[in-house]
Amino acid sequence: MRWLHKLPLRLRSLFRKQQADQELDAELQFHLQAQIDEYIAKGMPVEEARHAALRSLGPVTQIKEECREMRRVNFFDNFVQDLRFGFRMLVRNPSFSVMAVLCLTLGIGANAAVFSWIEGLLLRPFPAVAHQETLVVLAGTNRASGDKVANAAGYTATSWPDFLDFRANCKLFDSFIADKIMGTTISIGDRAERVAGSVVSANYFDALGVHPLLGRGFQTADETGRSAHPVTVISYWMWKERYHSDPEIIGKTQILNGVQHTIIGVAPEGFYGTFVGWPIQFWVPVSMQEVFEPGGYKLEDRSQRWIEGFARLKPGVTIEQAQEEASTVAKRLEAQYRATNRGQDIKLLPLWKAPFNGATEMLPVLSITLVVVFVVLLIACSNVSNLLMVRAFARQHEITIRMAVGARQGRLVQQLLTEGLILSTISVVGGLAMAYWCRNLLAVFFATSGVEAHLKGQIDWRVLVFSAGVCLISTLMFALVPAMQAGKVDLADSLKSESGSVFGARGKARVRSILVVVQVSLCFVLLVSAVLLIQSMQRIRSSDPGFRTESLLTTGLDLVAAGYDETRAKDFQTRLIDRVRSLPGVESAALARVRPFSYTTYSSGLINVEGYQPRPDEQPEAEYNQIGPDYFRTMGISLLSGREFTDADSETAPPVAIVNEKMVKQYWRGEDPIGKRFQLKDKWLRIVGVARMAKYGSFGESPKPFFYVPLRQDFSLRAILNIRTSKDPTLIAGDLARIIHDLDANLAPTEVITMRQHMNRSALRSQQVMVALLSIFGGLALLLAAVGLYGVMSYAVSQSTREFGLRMALGARQTHLMKLVLSHGLVLTAIGVVLGATSALLLTRLFATLLYKISPRDPLAFGLAFLAMTTSSLAACFFPAWRATRTDPVRALKD
Amino acid sequence: MGKPTDLVQGTLDVLILKTIELEPMHGWGIAQRIRQISDEVLQVNQGALYPALHRLEQQAWIRSQWGESDNNRRAKYYSLTREGEMYLREQQAQWSRLSGAINLVLETT
């Protein structure tokens with residue numbers, strides 16, 4: 001508690017300086033008077049007593065100064081003094097100041113921007129949600145090896161019955177929140193728009209601490225009864241855009257996926273749901289699952305895992321304690337429900353590790369970017385450091401005088417650090433402005449058609465604290481070395497002429513050379529990384545996904561949203577396909593439920609293969625797609641044996657399936673399985689074909705068992721239409737719109753794009769963002785490093801005019817001098833490149849997961865980075881070298 | 001600036017704290033008292049006294065208050081804080097241990 005006493009004293013020293021000084025005067029005056037009284041009492045004359053008293057006290061001014069020092073006044077006084085002086089120095093040297101502030105603003109701003117993205121997308125991704133630090137993600141895991149149905153990160157969703165059991169049995173949690181993203185098409189004004197929605201548990205809004213602007217959230221009763229509660233809470237955006245902020249909105253109805261829903265609430269502005277990447281526009285209770293989530297009614301089926309949930313921990317409960325409790329419950333469920341829960345466990349994850357929303361994509365991108373911008377900051381700092389050292393040389397005179405009149409070295413360092421602090425404080429303000437402008441930049445990079453991506457950086461106090469920290473660290477990084485150097489001035493040495501020494505061989509020049517080497521090596525690492533990612537993207541672009549992407553168009557039709565029932569939809573689809581196939585230039589066309597490489601998940605189910613004995617811990621499971629006739633021909637996937645589905649494989653025909661190679665290998669030991677059977681849910685499917693392996697969700701996925709069933713035998717109202725044609729997409733789009741309009745005037749297809757375009761948008765997004773960011777920062781680093789090298793070289797040249805003049809006078813030709821300077825610069829570059837290459841070899845492995853079919857040690861990447869580095873170094877050294885050759889020997893020697 | 005060494009400085013601090021343990025005193029009084037009690041052996045350098053007082057106050061071991069002196073002059077009186085008492089006790093104990101040990105060494109050899 002001592003600080004409680006200390007604080008007012010410190011503050012008084014600071015702000016009531018005058019009073020404190022007066023009191024000190026009075027105190028010493030009292031002392032003197034008492035001493036004088038004593039001397040007079042001893043019989044001294046008054047005047048003599050005064051002198052004696054003053055003598056015994058000693059130098060009054062010095063005592064006062066010491067007392068002030070004790071009260072820490074001087075520290076602040078000095079600081080203010082340094083601040084004023086620093087400002088004057090910066091204003092006097094505008095070109096230096098602008099350059100330094102620019103470098104630092106770029107460095108600090110890049111860091112602040114990236115951290116604000118991390119804050120807004122990963123750490124606190126849901127604006128308007130209270131206490132996000134107690135929220136955790138519920139992710140299922142399955143120990144069963146080999147054929148687990150899990151996404152790339154190895155996690156599964158959760159089933160509703162399991163979810164209810166967790167909710168009922170876990171005591172360390174405040175609440176469990178079920179959430180599943182889905183979508184529908186609604187008309188906003190005169191255009192059809194695809195919007196994202198969420199199927200949620202009834203406690204959704206209460207548990208998140210979000211209070212609807214109008215109306216209310218859901219009630220517990222809304223969770224039960226198959227499709228019994230068609231109620232919805234709509235987003236602020238939807239309320240404004242579609243309903244023109246109608247204050248009487250509550251109680252009105254809206255058709256969502258063909259079902260009349262009553263609007264019971266409007267979410268507050270700034271609440272975008274709980275899915276990183278997409279703004280959610282409406283919410284419905286879980287009982288409405290069947291309307292929005294394909295695959296039938298899942299609320300009573302423990303094998304149907306579809307919920308992407310969250311949980312809120314009780315205050316003070318750690319994630320480990322909660323994990324233990326949840327796992328215990330999961331074990332109990334596993335023992336109780338062997339058939340469905342074998343190997344099934346639950347894992348609690350912090351929000352930024354969420355395996356099922358945009359966080360999956362953002363985490364690697366942002367963490368690597370954070371490292372990259374830190375490297376850029378390092379380079380920027382060493383540049384400023386270099387500038388400061390050049391200036392310290394220019395200020396040698398001033399510094400020498402300060403030292404000569406008795407300034408302590410510590411005091412001098414304090415002064416120079418203060419100047420650095422001014423620079424970085426200005427830059428941090430600029431940097432935060434930069435971060436503010438860049439907060440939507442990621443959304444621009446991640447732009448897709450239709451729904452607007454929601455990826456917004458957030459600048460809150462944590463970002464401010466982070467930036468202040470970056471500011472302090474960078475001040476130390478760039479100002480400490482020059483300050484120490486300046487403090488080391490040897491008075492005698494500084495009187496000697498600097499221009500007498502040999503080119504590039506002075507002590508301080510060495511420190512600056514080291515900085516340049518560091519810059520070059522850091523820059524080299526960034527360049528290698530950028531080139532690796534570009535190469536990787538090219539490989540992905542040219543790689544084979546298992547189907548022919550050229551001359552393949554794709555579009556979608558949402559018959560659910562248009563209110564079709566199954567019979568009408570089937571009729572519509574048949575007529576549509578017939579019309580499309582007869583279009584001139586169309587080779588073939590086929591429907592399917594899921595488009596490869598999209599966010600829509602494939603259906604998945606437990607399978608029971610006839611004649612296959614699973615291991616005790618194994619639960620055979622596979623993903624599948626519902627496809628129409630001609631699908632394989634249209635996609636360009638070859639069949640290894642058997643046949644395609646035909647119109648004959650209708651709902652009344654015996655159930656059939658086409659399996660992929662991996663499935664054959666896994667369950668039939670590679671033997672031809674045509675005619676064999678396996679069970680999916682309650683149906684036995686007979687295999688009629690074997691399809692070649694393809695990529696289903698992403699390029700990076702490992703081969704997995706997969707099969708296809710006829711769309712007619714597992715119908716979906718929402719389907720995509722793939723068209724193989726050599727014609728231009730825009731022409732087909734026109735034809736298609738006409739055909740659909742003929743069939744149903746109220747219906748419009750989604751955008752017609754090539755499969756390539758679609759894959760670029762979905763599967764290559766994070767790759768593209770990485771490439772864009774790394775190219776920007778790599779270029780920036782290259783520029784900064786070149787500027788640094790240029791600075792060092794041109795300063796070295798300007799300091800060695802005398803030497804060059806002498807050399808010329810002794811017969812050195814211009815080419816010699818050119819070579820001398822260039823080789824010095826290139827030696828620095830070479831050392832930097834060697835160091836950079838060594839670190840790159842160690843570091844690029846860290847993002848090997850982002851690289852597709854390319855070694856993190858790819859020689860071409862290193863070669864290209866080497867080329868870029870050398871070229872820019874040569875460019876940076878050329879002008880200083882040229883100036884060296886222009887030295888006028890007569891003038892140089894005379895000076 | 002001729003700062004006293006740590007030992008001397010530390011000793012002066014303890015002497016000051018001990019002196020004002022019983023009653024609040026002003027700077028002059030503290031100097032006089034230390035001289036009297038130590039039988040004129042310890043002469044407090046008056047130049048060092050005030051910086052020491054201000055430092056102790058900064059450390060929150062003593063606090064100051066203006067009051068009237070014996071001959072009706074305004075003087076600044078220093079008194080111990082709770083933290084100061086604790087610190088003094090600690091220092092005293094340490095001092096006895098140290099001086100006891102030194103005595104022991106000096107007497108046995």
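This is a predicted model: local features need pLDDT of at least 70, side-chain atom pairs count only at pLDDT 80 or more; totals for chains, interfaces and linings use all residues.
Residues are numbered from 1 along each chain as its sequence is written, and chains are lettered from A and ligands numbered from 1 in the order in which they are written.

**Chain A as a whole**

- The secondary structure of chain A comes to 29 helices and 22 strands, where helices (H or I, at least four residues) and strands (E, at least two) are DSSP runs numbered from the N terminus.
- Chain A has a radius of gyration of 37 Å, well over the 29 Å that the globule rule gives for 895 residues, so it is more spread out than a compact globule; the radius is taken over C-alpha atoms, and the rule is 2.2 Å times the number of residues to the power 0.38.
- Taken along the principal axes, the box filled by the C-alpha atoms of chain A is roughly 125 × 85 × 55 Å.
- Of the 895 residues in chain A, 43% are buried; a residue is buried if 20 or more other C-beta atoms lie within 10 Å of its own, exposed if 12 or fewer, and partly exposed in between, with C-beta atoms placed from the backbone.
- Among the contacts in chain A with a separation of 6 or more, 81% are between residues 24 or more positions apart, a contact being a pair of residues whose C-beta atoms, placed from the backbone, lie within 7 Å.

**Confidence in chain A**

- Chain A averages a pLDDT of 84, and 92% of the residues score at least 70; pLDDT is the predictor's confidence in each residue, from 0 to 100.
- Within chain A, confidence is lowest in helix H18 (residues 491–495), at a mean of 53, and highest in strand E20 (residues 706–710), at 96.
- The pLDDT is below 50 over residues 145–152 of chain A, a stretch that has 20 contacts in the model beyond near neighbours in sequence.
- Over residues 497–501 of chain A the pLDDT also stays under 50, and the model has six contacts for them beyond four places in sequence.

- Chain B has four helices and three strands, which follow the pattern α-β-α-α-β-β-α when read along the sequence.
- Buried residues make up 30% of the 109 residues in chain B, and 44% of its contacts between residues at least 6 apart in sequence join residues at least 24 apart.
- The contact takes 22 residues from chain A and 18 residues from chain B.
- On the side of chain A that touches chain B, the elements giving two or more residues are helix H1 (2–15), helix H2 (17–41), helix H3 (46–57) and helix H4 (60–70), and H2(A) gives the most, with nine residues.
- The residues on that side of chain A divide into nine nonpolar, six polar and seven charged; Ala, Val, Leu, Ile, Met, Phe, Trp, Tyr, Cys and Pro count as nonpolar, Asp, Glu, Lys and Arg as charged, and the others, Gly among them, as polar.

**Helix H28 of chain A**

- The 27 residues of helix H28 (residues 859–885) of chain A should span 39 Å at 1.5 Å a residue, and the end C-alpha atoms are 37 Å apart, which agrees; the expected span is 1.5 Å times one less than the number of residues.
- H28(A) has a kink of about 35° at A:Phe878, shortly before the proline A:Pro880, the bend at a residue being the angle between axes fitted to the seven residues ending there and the seven starting there.
- The buried residues of H28(A) include A:Phe862, A:Met869, A:Cys877 and A:Pro880.

- A:His229, in the loop between strand E5 (214–215) and strand E6 (231–234), counts as buried because it has 22 C-beta neighbours inside 10 Å.
- Not counting residues up to four places away in sequence, A:His229 touches A:Asp222, A:Pro285, A:Ser287 and A:Met288.
- A:Tyr436 is in helix H15 (residues 409–437) and counts as partly exposed, with 16 C-beta neighbours inside 10 Å.
- A:His131, in the loop between helix H6 (94–123) and strand E1 (135–142), has a positive phi near 45° although it is a residue other than glycine, and A:His131 is exposed, with 12 other C-beta atoms within 10 Å.
- A:Arg669 likewise is not a glycine and has a positive phi of about 45°; A:Arg669 is in the loop between helix H22 (661–667) and strand E18 (677–680).

Key. Two residues are in contact if their C-beta atoms, placed from the backbone, lie within 7 Å.
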